[in-house]
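Dear colleague,

Please find below the structure that I am handing over to you. My findings follow directly after it.

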Amino acid sequence: MKNFFMHKSLFFVVLFSALAIMANAAVTAVTPTDSDKDGFLEIDSPGKLLGFANLVNGGTQTAKAKLTKNIDFNDTWTPIGTSGKPFKGTFDGQGFKISGLKYDNNSNTNYIGLFGSINGATIKNVGVTSSSITGGNYVGGLGGYAQGNVSITNSSFQGTSVTGKNYVGGLVGYIANGTVTIDGCYNMGTVTAKPMEWYEYVGGSYNAGGLVGVISSKVNEVSISNSFNSGSISNGGFSFFGTLENDALTTSTGNKINVDNCYTTGKSTSQYNGNGATSKSSVDEVIEALQETDPNSSWVTDESGNVVVKSVVD
């Protein structure tokens, strides 16, 4: 009888050890395939998600993929798209979620997010949950760096946190150029950038924002609609977006930003603006953010003379 219980105890020790090893096993990349021949690679496992990242980062930048189930990655993540090989294809989450993305092993690495760098890409119908993203510059819950004609729709970051040094956003860290559309999206995670030096603050440099960290003056147009932020911002700018770089919206550049039917309840703080404030986005808040960039700048208007930047509250 004694030997029976000893063997039984040993069995459970071995069983639980094996389960623990399996739970913590590293994800092995598996190249996804297009089994239904619709032009989209099908992702139904952590291995295939990593395989897709490797495919894009290896040079197949215009690949199309779709999720066919929720993915619990639960491992250190390799962002899709690099600075030299940005993602240029289409990623359709089909309403499924990706959880357990971890990137915190090197805070000096740039271009970090579900997508590290995107150029002319379409991202839609995907949610990132229970994830922690930490990097250097260009860090976002969905995308670190965006350029070209980019569309991000019906997508969200509901993870724990997004943390970086500069250009940090709940959804996108930095919008560099082109025409970018963000519609039906939201962030609920905390966003943190490095503490600013006094001269950065005086110069109007805000590193982090609830949806977008920084918008460049080189953009043609950025439209953000039907979206919200409820995540808190540390060492950032306004709780909707961090800053508009170098007169991004002055009439001299001809660039435009449209913010429509959006709100924020996230609290934004930095060591230079006290405890910050919690408020919903409004025209006044957006214009105040623009004034931080250049108090003398004029606002882009439509043909009727109305300010293009607008926000519908409630």
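In what follows, a residue is buried under 20% relative accessible area, exposed over 50%, and partly exposed in between, using a 1.4 Å probe and protein chains only. This is a predicted model, in which local features need pLDDT of at least 70 and side-chain atom pairs count only at pLDDT 80 or more, while totals for chains, interfaces and linings use all residues. Residues are numbered from 1 along each chain as its sequence is written, and side-chain values use heavy atoms, with hydrogens and water left out.

Overall composition

The protein chain has 314 residues, of which 49% count as buried. It contains four helices and 29 strands; these are DSSP runs numbered from the N terminus (helices H or I, at least four residues; strands E, at least two). Among contacts (heavy atoms within 4.5 Å) with a separation of 6 or more, 79% are between residues 24 or more positions apart.

The parallel sheet

Three bridges join β10 to β15 (residues 166-169), and Val139 has Val168 in β15 as its bridge partner.

Aromatic residues

Rings of Phe, Tyr and Trp (its six-membered ring) pair if their centres lie within 6.5 Å; planes under 30 degrees apart count as stacked, over 60 as edge-to-face and the rest as tilted. The count by this rule is 13 aromatic pairs. In one of them, Tyr167 and Tyr174 are edge-to-face, at 4.9 Å centre to centre and 65° between the planes. Tyr167 is partly exposed at 24% relative accessibility, whereas Tyr174 is buried at 9%.

Nonpolar cores

A nonpolar core is a set of buried Ala, Val, Leu, Ile, Met, Phe, Trp, Tyr and Cys residues joined through side-chain atoms within 4.5 Å. The largest has 56 residues, and those with the most contacts inside it include Phe52, Phe87 and Phe91. Helix α2 (residues 46-57) supplies the largest share of this core, five residues. Another core, of five residues, lies apart from it and includes Tyr138, Tyr174, Ala176 and Val214. Not counting residues up to four places away in sequence, Phe91 touches residues including Leu49, Phe52, Ile98 and Phe115.

With kind regards

Conventions: Two strands pair if DSSP finds at least two bridges between them.
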